[in-house]
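Reader: I'd like to learn how to read a structure feature by feature. Could you walk me through this one?

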Amino acid sequence: MCINQRYLLSLFLCAFPTFLIFNLREKEGQTMGIFSRFLDKSKEGKEDEKVVFSPLAGEVVPLESVSDPVFAEKTMGDGVAIIPSEGKLYAPISGVVQALFPTGHAIAITGDNGISVMLHIGIDTVEMEGKGFTAHVSQEDRVEKGQLLITFDIDTIKAEGYETTTMIVLPEGEDLGNLNKTELKEIAPQEKLLWLN
């Protein structure tokens, strides 16, 4: 390598970090270089990595208010409940299905973000022995956030005398950080529901 090539290489190595940070001046002199954009995206990823999104559309209610004491007393973990307005349960996180009840009324997912989530459709609906429930995934399947997991017939559940209130709990949440819950009263699928910090 000749002297000129070494000089140019040294100049490039010194100037490149500055270029990354300060290049591409945008509107009204605001600096938004490639490097700062990368940092912004990294920050967004970290903010979302411990988020659980809503698996249902419906009314959000406190977990303590549900009529099943196992969930109301948080024996299974903390979380929230949703009274569904439609019979579709979506994946609240991307991950792997760790457990799926044969009756289709409950499912547990271990997320790529390290969070385990249990979803239980209805109160005592295990007694229905699968009637009105259709699972669209299997145990050990890989699922992506927003993927349809289970469909269920709200009218059938009610006609059998059961509540449709669905519990979303984090069995190991207290070990992962401080649990925050949405303040929304009505929620749509994939809106932010729970997050840890």
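Reader: Let's start with Asp124: in which loop does it lie?

Author: This is a predicted model, so keep that in mind throughout. Asp124 lies in the loop between β7 (116-121) and β8.

Reader: What should I look for in the backbone there?

Author: Start with the general idea: most residues other than glycine have a negative phi. Asp124 has a positive phi of about 60 degrees although it is not a glycine. With a relative accessible area of 44%, Asp124 is partly exposed.

Reader: Now aromatic rings, please. How do I describe a pair of them?

Author: A pair of aromatic rings is described by the distance of the centres and the angle of the planes. In this model the count comes to one aromatic pair. The ring centres of Phe133 and Phe152 are 6.4 Å apart and the planes are at 25 degrees, so this pair is stacked.

Reader: Which parts of the chain does the pair tie together?

Author: Phe133 is in strand β8 (residues 133-135) and Phe152 is in strand β10 (residues 148-152), so the pair ties together parts that are 19 residues apart in sequence.

Reader: Are Phe133 and Phe152 buried or exposed?

Author: Phe133 is buried, and Phe152 is buried too.

Reader: How should I read a buried polar side chain, say His105?

Author: Look at the location, then the accessibility, then the partners. His105 lies in the loop between β5 (95-100) and β6 (106-111). With a relative accessible area of 1%, under the 20% cut-off, His105 is buried. The side chains of His105 and His120 are joined by a polar contact of 3.3 Å. Leaving aside neighbours within four places in sequence, His105 is in contact with residues including Leu119, Ile121, Val126 and Phe133.

Reader: What does Thr165 touch?

Author: Not counting residues up to four places away in sequence, Thr165 touches Val66, Ala81, Ile82, Ile83, Pro84, His120, Ile121, Gly122 and Ile123. Thr165 is found in the loop between α4 (154-159) and β11 (166-170). At 8% relative accessibility, Thr165 counts as buried.

Reader: Let's zoom out. What does the secondary structure of the chain come to?

Author: It comes to four helices and 14 strands. Of the 197 residues, 39% count as buried. Among contacts between residues at least 6 apart in sequence, 65% join residues at least 24 apart. The chain exposes about 11300 Å², and carbon and sulfur atoms supply 54% of that area.

Terms used:
Residues are numbered from 1 along each chain as its sequence is written. This is a predicted model: local features need pLDDT of at least 70, side-chain atom pairs count only at pLDDT 80 or more; totals for chains, interfaces and linings use all residues. Side-chain values use heavy atoms; hydrogens and water are left out. Rings of Phe, Tyr and Trp (its six-membered ring) pair if their centres lie within 6.5 Å; planes under 30 degrees apart count as stacked, over 60 as edge-to-face and the rest as tilted. Helices (H or I, at least four residues) and strands (E, at least two) are DSSP runs, numbered from the N terminus. Buried means under 20% relative accessible area, exposed over 50%, partly exposed in between (1.4 Å probe, protein chains only). A polar contact is a pair of N or O atoms within 3.5 Å; within protein, one must be able to donate a hydrogen and the other to accept it, and residues adjacent in sequence count only if both atoms are side-chain atoms. Contact means heavy atoms within 4.5 Å. Accessible areas come from the Shrake-Rupley method with a 1.4 Å probe; for residues, only the protein chains shown count as cover.
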